Amino acid sequence: MERKTLGKVLVSCICFLALIYALASMDRSNRLHRDDTATMAPQSDQTSRSNHPSAPQKIMYLTFDDGPSKHTQEVLDILDQYQIKATFFVTGADEASFDLLKQIHNRGHALGIHTYSHSYETIYSSIDGYFQDVEKVEHLIYEKTGITTHILRFPGGSSNTISRKYQAGIMSELAAECEKRGYAYYDWNAENGDGDPAVSADALYETAIKTIKGKDEVMMLMHDGAGNGNTVQALDRILQELMAQGWEFRIIEESDDMPIFHHTIAN
Ligand SMILES: [Zn+2]
């Protein structure tokens, strides 16, 4: 072989080896990138899991019975501070507060019927007596807000036994009749215990937090009637704790998707 030809062959070989080396480096570098991605993937998965609401949601329906009253304005203001919406089961007990119905509605809360008179004798003596009383509140709500509502809460809840004194079996009949007439009633599965207005604000807070323990879906019974000043005193603290526990707040809607909160009927 001539020296010149030998030189050409050597140069070609060096070029070829350099090319092989370059290709091998590229492949190694690609592999490294793939490995990076592979090790990163689980981390980003974990991040999206912890930020994503795939963890079970805790749903809270706050409800206030027996208003509107002189305490309702303050309840509305405290709820606004936390941007929390609630449901108010109203009565006709305090004419001076009727205009608050409009405010309850305008601020995005739900309105439900608790009966006009809240008199067990009037509402639990007959089916007609109950629905006449219900219609009075329905008209009042319509007059003040322009809306009609078909959500109800029985005074004393559907499980009350006081009604037996006025008519045996009336709660079973009313529950069935409500459904027939297109109303939906809601009892509760947690409360602050303010059915007795003498209970201190501290005790109301303790009861509210105790009765939601271990639950993921809560219908909380509270009151904003004329005697419920302590409820207002306890409310701020209760809401702070509920927010810290990560509850999502909802209002009762007229929808088939609403969960059912029914006590066992005892009359
Ligand atoms: Zn009540």
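## Where helix 2 meets helix 8

Let's start at a helix pair: Glu74, Val75 and Ile78 of helix 2 make contact with Val232, Leu235, Asp236 and Leu239 of helix 8. Sorted by class, this contact holds 5 nonpolar and 2 charged residues, with no polar ones. Please keep in mind that the model is a predicted one.

How do the two helices lie against each other, and at what angle do they pack? Helix 2 spans residues 72-81 and helix 8 spans residues 229-244; they pack at about 15°, and their axes are 10 Å apart. The two helices are therefore roughly parallel to each other, since angles under 35 degrees count as such. The crossing of helix 2 past helix 8 is right-handed.

## The chain as a whole

Stepping back for a moment, the protein chain contains 8 helices and 8 strands. It has 267 residues, and 32% of them count as buried. Among contacts between residues at least 6 apart in sequence, 78% link residues at least 24 apart.

## Helix 7 against helix 8

Helix 8 has another partner to look at. Helix 7, residues 201-212, packs against helix 8 at an angle of about 40°, and the two axes are 8 Å apart. That angle makes helix 7 oblique to helix 8, and their crossing is right-handed.

Which residues build this contact? On the helix 7 side they are Ala201, Leu204, Tyr205, Ala208 and Ile209. Helix 8 brings Asn230, Thr231, Gln233, Ala234, Arg237, Ile238 and Glu241. By class, the contact of helix 7 with helix 8 counts 7 nonpolar, 3 polar and 2 charged residues.

## Leu76, a buried residue of helix 2

Back in helix 2, we find Leu76. Is Leu76 buried or exposed? Leu76 counts as buried because 21 C-beta neighbours lie inside 10 Å, and 20 or more is the cut-off for a buried residue.

Leaving aside residues up to four places away in sequence, Leu76 touches Gln103, Ile104 and Arg107. Leu76 and Ile104 are 28 residues apart along the chain, yet their C-alpha atoms are separated by 7.3 Å.

## The loops on either side of helix 2

The loop between strand 1 (59-65) and helix 2 includes Pro68, and the peptide bond from Gly67 to Pro68 is cis, with omega near 0°. Asp66 sits in the loop between strand 1 and helix 2 as well. Although Asp66 is not a glycine, its phi is positive, near 80°.

Gln83 is exposed, because 9 other C-beta atoms lie within 10 Å, and the limit for an exposed residue is 12 or fewer.

Helix 6 runs over residues 170-180, and its buried residues are Ile170, Met171 and Leu174. Viewed down the helix 6 axis, these residues fall within an arc of 90°, so they line one face of the helix.

What covers the buried residues of helix 6? The cover includes helix 5 (127-145). On the other side of helix 6, Ala176, Glu179 and Lys180 are exposed. Just after helix 6 comes Gly182, with a positive phi of about 85°.

## Ile113 in strand 3

Our last stop is Ile113, a residue of strand 3, which covers residues 110-113. Ile113 counts as buried because it has 24 C-beta neighbours inside 10 Å.

Which residues does Ile113 touch, not counting residues up to four places away in sequence? They are Phe89, Val134, Val137, Glu138, Thr149, Ile151 and Leu152. Ile113 and Asp65 are 48 residues apart in sequence, while in space 9.1 Å separates them, C-alpha to C-alpha.

Definitions and conventions
Residues numbered from 1 in each chain as written. Predicted model: local features only at pLDDT ≥ 70, side-chain atom pairs only at ≥ 80, totals over all residues. Helix = DSSP H or I, 4+ residues; strand = E, 2+ residues; numbered from the N terminus. Contact = placed C-beta atoms within 7 Å. Axes fitted to C-alpha atoms, helices over the stretch in contact; angles between N-to-C directions. Parallel < 35°, antiparallel > 145°, perpendicular 65-115°, else oblique. Left-handed = near helix turned anticlockwise from the far one by under 90°. Nonpolar A, V, L, I, M, F, W, Y, C, P; charged D, E, K, R; others polar. Arc of directions from axis to C-beta.
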